[in-house]
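Subject: Structure handover

Hello,

Here is the structure I promised to pass on. Please open it alongside this email, and then read the notes below.

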Amino acid sequence: MTTIKDIAKMAGVSTATVSRIINGKGEAKQETIDLVMKIVKDLEYHPNKMARSLRQGKSNLISVMIPNLNNPFFGELVGAIEREAAKYGLRISICNTDDSREKVEYFLTNMIDNYAFGAIICTLKVTEDDLASLEEQGIHTVTVDRSHFEHSFSSINIDQLNGAFIATRHLIERGAKKNVLICGPEIERMSGERVKGYQLALQSDELSFSRVAYGDYTLGSGYQIMDTLINEGVQFDGIHASNDLMALGALRRCLDHGLAVPNDVRIVGNDDLTVDKYYNPRLTSLSQMNDRVSHSVINELINLNEKEHTPQKVVMSPELIVRETT
């Protein structure tokens, strides 16, 4: 493997001069710069990033911890984060935890071993002690949306209570009087926030019918919940699901039952996945603002690393994207 010492010897200059030229820092004669860069090109020299990380105590690697790869929402979120990070010469490492505490602990250790530039946390299995431990090692953290506890570190969140209120009000305005809310697991804090938003919307229109069901964010759970309600003879004309997979599962069951969407039942999802625009009928959904979230989270990590910066708590309101299901 070619080293800076090899290049310096061939060019007849010091290693410090080679380092400055390669990194675009410091002054040197143009002929020296041309010679060094020609040698770099001829020898196909690439800097040893791990050695640089050891010297600087920091790499350009951002660890993104997600709960799973089964839900396309997380794939789209990671893609948006990667595009934003690349603008600043940063790269990402995907830490797929499968919501396993054992995997979380492995990835936390891996972040420290690799001198991570920062960590983006989007999983329920991380504790406040974990965040504090990373910060003590000089690895700044930003939690995104799924943290289930209050902490003193940076966070970027979508206002889930307001999102459920917006979605339910939209269903009501489109004529739905008997609305069903399909949530994620009941133990999650986000589910509680969404139930509150849903109930506030019903109260604002003095609607008494209220039905809340809990799923697991999969297509199958959305389908099964609607199958149960239909078989029980529950009358409904509006559905808000806490993610698009459950919304699409519920939509499929309604269509299989012969219900016309949106004439008989109106449906709003929550994610604004790419597939929503191509399903038939196209799904109305709440955008989780992936591009804005990604921009905010990368800028927050850069600010935390480059200057004295007070951790920020950012809350964004989701945007309703209206399509054919309403």
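Start with Met-289. This residue is buried, at 13% relative accessible area, because the cut-off for buried is under 20%. Bear in mind that this is a predicted model. Met-289 sits in the loop between β10 and α12, the helix of residues 290–306. Its backbone also deserves a look. Met-289 is not a glycine, yet its phi is positive, at about 55°.

Asp-272 shows a positive phi too, of about 60°, and is not a glycine either. Look for Asp-272 in the loop between β9 and β10. For context, most residues other than glycine have a negative phi, and most peptide bonds are trans.

Which bond is cis with omega near 15°? The one from Val-261 to Pro-262. Pro-262 lies in the loop that runs between α11 (244–256) and β9 (266–271). A cis bond also joins Asn-280 and Pro-281, with omega about 0°. Pro-281 belongs to the loop between β9 and β10 (284–287). Asp-272 is found in the loop between β9 and β10 as well.

Helix α1 covers residues 4–11 and includes Ala-8. Is Ala-8 buried or exposed? Its relative accessible area is 4%, so Ala-8 is buried, the limit being under 20%. Leaving out residues up to four places away in sequence, Ala-8 touches Val-13, Ser-14, Thr-15 and Val-18. Ile-94 is another matter. Ala-8 and Ile-94 are 86 residues apart in sequence, and their C-alpha atoms are 37 Å apart in space.

Ala-8 also takes part in a helix pair. The axes of α1 and α2 (residues 15–22) come within 8 Å and cross at roughly 105°. The two helices are therefore roughly perpendicular, since that class runs from 65 to 115 degrees. On the α1 side, the contact uses Ile-4, Lys-5, Ile-7 and Ala-8. On the α2 side, Thr-15, Val-18, Ser-19 and Ile-22 meet them. The residues of this contact divide into five nonpolar, two polar and one charged.

The crossing of α10 past α11 is right-handed. From α10, the contact residues are Leu-219, Ser-221, Gly-222, Tyr-223, Met-226, Asp-227, Ile-230 and Asn-231. From α11, they include Leu-245, Met-246, Leu-248 and Gly-249. Arg-252, Arg-253 and Asp-256 of α11 are among them too. By type, the residues of the contact split into nine nonpolar, four polar and four charged.

Last, Ser-242. This residue lies in the loop between β8 (238–241) and α11. At 1% relative accessibility, Ser-242 counts as buried. What does Ser-242 touch, not counting residues up to four places away in sequence? Its contacts are Leu-181, Ile-182, Cys-183, Gly-184, Arg-194, Tyr-217 and Asn-270.

Best wishes

How values were computed
Residues are numbered from 1 along each chain as its sequence is written. This is a predicted model: local features need pLDDT of at least 70, side-chain atom pairs count only at pLDDT 80 or more; totals for chains, interfaces and linings use all residues. Side-chain values use heavy atoms; hydrogens and water are left out. Helices (H or I, at least four residues) and strands (E, at least two) are DSSP runs, numbered from the N terminus. Buried means under 20% relative accessible area, exposed over 50%, partly exposed in between (1.4 Å probe, protein chains only). Contact means heavy atoms within 4.5 Å. A crossing is left-handed if the near helix is turned anticlockwise from the far one by less than a right angle, and right-handed if clockwise. Ala, Val, Leu, Ile, Met, Phe, Trp, Tyr, Cys and Pro count as nonpolar, Asp, Glu, Lys and Arg as charged, and the others, Gly among them, as polar. Axes are lines fitted to C-alpha atoms, for helices over the stretch in contact, and angles run from 0 to 180 degrees between N-to-C directions. Angles under 35 degrees count as roughly parallel, over 145 as roughly antiparallel, 65 to 115 as roughly perpendicular and the rest as oblique.
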